[in-house]
Amino acid sequence: MNLNKMQRAFRRWLTTADAAAAHRLAEDPRGLHVYQNNYRVQLMNCLESTYPHLHAFIGDAAFRYAAAAHVGRQPPRAWTLDAYGAGFEATLRTVFPDNPDLHELAWIEWSLATAFVARDTAPLDPAHLAHVDWDRARLGFAPSLHMARLTTNAADIWSALQDGADAPEAAMLPAPAGAIVWRRGHVARLRVLAAPDFEALRLARAEGSFAALCARLVDRHGADDGVASAGALLADWIGNDLLTRVSGIRQP
Amino acid sequence: MTAFASPPVFAGYGLGLRREHYRDFLETRVPVDFVEVISENFMVAGGQPLDIVRRVRERHPVALHGVSMSIGSADGLRRDYIVRLKALVAAVDPLYVSDHLSWSRIGRFNSHDLLPLPYTEEALDVVCANIDRAQDAVGRAMLFENPSSYLTFAGASMTEWEFLARMCERTGCGLLLDVNNVFVSAANHGFDPFAFLDGIPAQHVRQIHLAGHSEGDGLLIDTHDQPVPDGVWALYAHAVTRCGPVATMIERDADIPPLSELLAELALARRFNLREAA
């Protein structure tokens, strides 16, 4: 057996515990079992460390059940083990289809993990804003920013567990809201936004145009309140390091 | 393939940087001569990990130790991995860049474990071609570590130490000698660990790892969760006579004790070298 075939047989053994693959690799299976145990334990531990609050919330047995399902359906592909948590939310949707709180809690933890190591950006210099032509201004947001609609109190569950408190019972929100995750300095943060503010941020991020944002808010709230609302949102995004770039300098 | 200068000799004593000790290394003057970090933990786009490794680098020489290069992959190296490693090397200017004589990946599957290679001519060709490419990419000679293994392959045509010697000769790479891995593999496969130490090209050894292990089902397991045991110290005493003073460190990956305990183990390693020098 050449090296390529041996490595493919080894992959088969690790991912399926296929007895024929084991037999092709070694007469004594004890060593193969060590490697398979290492493989599975490593992936399960990775999921536990990526999703600590989900683990605490659903308990060890349920978490290990979901993690084992994930290991079975999604062999690791990336060179970094840190990427293995990607897609666990999709596994939870299959394993626990009627628990949107768990799906949203997983989204929060995965977003926090990826925001933590997202590309660095310099904070926006407020002095720069004095020269911006706001009719033409293009907005750029932090590369660490993740956004998702929220239907449950998953953010409250996460926050309680993060503070070392007892988690509340899972519940649906009275009205859908939005969650954002991003990094300020070295700290990844979670924040819940009311639906209108979430939609405004989504629009600004998708279209990148401050004028389009103003137009949308003026349509909704009228001229004075719409412009004031756009200004307040802009101040909030700048103050929280969500907005990292504004292009479109006024010509002298 | 480019011929690179041999990695420098650095006769110092160090520790692996682990999360539990970040504050010690960033806020106090830890009495070590170098620090080894797991490369992949810092091969990220941004955020705190890069800031930490830069700040540690301001205080200590840093060795980059990888676990995911997969130098034994039959289908070559991953370009995205090499690009990220190259960027980290440029950012850190490390003392050494090392990885393991093992494989982790085939095709799009990455096991995230250090899997064993058959010691054959074909595997030697694959490993040497991959080392040439890796060294060309990072612009320097690398070190490769002997792994712990739990499996041998029928059809092997040479011993592990013969494989290591020919690998160094063909690629100009150096060796990271993990004494615990020698102990574990010798026990698991029934070879003489002193024959291993006498068989490797000692002049290529630039770094030594000292660690502990656990007992599994008839096999020793390389868990790195114990103090260095007496049997490993005995092998280290022999290794020192062969390799001379080279960068030596305690490698602890699980059940991380207070830093003072690891420094006490490192002091023991220093004493072995003082005894040898006397």
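**Entry 1: cavities**

A cavity is a set of points, on a 1 Å grid over the protein atoms alone, where a 1.4 Å probe fits but cannot get out; its lining residues have an atom within 4 Å of a point. I am working on a predicted model, where local features need pLDDT of at least 70, side-chain atom pairs count only at pLDDT 80 or more, and totals for chains, interfaces and linings use all residues. Residues are numbered from 1 along each chain as its sequence is written, chains are lettered from A in the order in which they are written, and side-chain values use heavy atoms, without hydrogens and water.

I looked for cavities of 30 Å³ or more and found two. A volume here is the space filled by probe spheres set on the points, with grid points joined across faces, edges and corners.

The largest cavity holds about 40 Å³ of space. Which residues line the largest cavity? I listed A:Trp79 from chain A, then B:Ser68, B:Met69, B:Ser70, B:Leu77, B:Arg78, B:Tyr81, B:Arg105 and B:Asn110 from chain B. I sorted this lining by class: four nonpolar, three polar and two charged. Ala, Val, Leu, Ile, Met, Phe, Trp, Tyr, Cys and Pro count as nonpolar, Asp, Glu, Lys and Arg as charged, and the others, Gly among them, as polar.

The second largest cavity has about 30 Å³. Its lining includes B:Phe144, B:Asn146 and B:Ile200. Strand β8 (residues 174-178) of chain B gives the largest share, three residues. Strands (E, at least two residues) and helices (H or I, at least four) are DSSP runs, numbered from the N terminus. The class count for this lining is seven nonpolar, one polar and no charged.

**Entry 2: the contact between the chains**

I then turned to the two chains. Contact means heavy atoms within 4.5 Å. Chain A brings 35 residues and chain B brings 44. Together they bury about 3,400 Å², 64% of it on carbon and sulfur atoms. Buried area is the accessible area (1.4 Å probe) that two parts lose on being put together, summed over both. A:Leu3, A:Tyr35 and A:Trp79 supply 26% of the area that chain A buries against chain B, more than any other three residues.

How many salt bridges did I find between chain A and chain B? The count is zero. A salt bridge needs a side-chain nitrogen of Lys or Arg within 4 Å of a carboxyl oxygen of Asp or Glu.

Notes. On a 1 Å grid over the protein atoms alone, a cavity is a set of points where a 1.4 Å probe fits but cannot get out, and a pocket is an open set with protein on both sides within 12 Å along at least five of seven lines; lining residues have an atom within 4 Å of a point.
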